[in-house]
Amino acid sequence: MAVALQVMKETAARLLEVWSLEWEDIDFERKTIRVTARKGGSSHLARVTERLLGMLNKLPRTFNELL
């Protein structure tokens, strides 16, 4: 839950957008997350902190969906 909240905080994504994230949406080298818009909003690329990237790296990558 902490990771989802941090993603929302840093990317201005809605909860459903966070739940829809996939590993391909994260660029660890460029420190960005691609947020795909829901409900008619606009998709965007958000820069994220090393702290969040570290949190994401600790998650298992066994599923396609991130959270």
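This is a predicted model: local features need pLDDT of at least 70, side-chain atom pairs count only at pLDDT 80 or more; totals for chains, interfaces and linings use all residues.
**Ground rules.** I number residues from 1 along each chain as its sequence is written. Local features need pLDDT of at least 70 and side-chain atom pairs count only at pLDDT 80 or more, while totals for chains, interfaces and linings use all residues; side-chain values use heavy atoms, without hydrogens or water.

**Helices.** I took helices (H or I, at least four residues) and strands (E, at least two) as DSSP runs, numbered from the N terminus. I looked up helix 1 (residues 2-11) against helix 3 (residues 50-57): the angle is about 145° and the axes are 10 Å apart. Axes are lines fitted to C-alpha atoms over the stretch in contact, and angles run from 0 to 180 degrees between N-to-C directions. I then listed the contacts (heavy atoms within 4.5 Å). Helix 1 brings Ala2, Val3, Gln6, Val7 and Glu10; helix 3 brings Arg51, Leu52, Met55 and Leu56.

**Strands.** I counted strands as paired if DSSP finds at least two bridges between them. Strand 1 (residues 26-27) and strand 2 (residues 32-35) run antiparallel, joined by two bridges. Here aspartate 27 faces threonine 32. Four residues lie between these strands in the hairpin, and lysine 31 has a positive phi near 60°. Strand 2 also runs antiparallel to strand 3 (residues 44-47), with four bridges. On that side threonine 32 stands opposite arginine 47.

**Rings.** What lies over the face of tryptophan 23? I found arginine 61, at 4.4 Å from the ring centre. The rule wants NZ of Lys or CZ of Arg within 6 Å of the ring centre and within 35 degrees of the ring normal.
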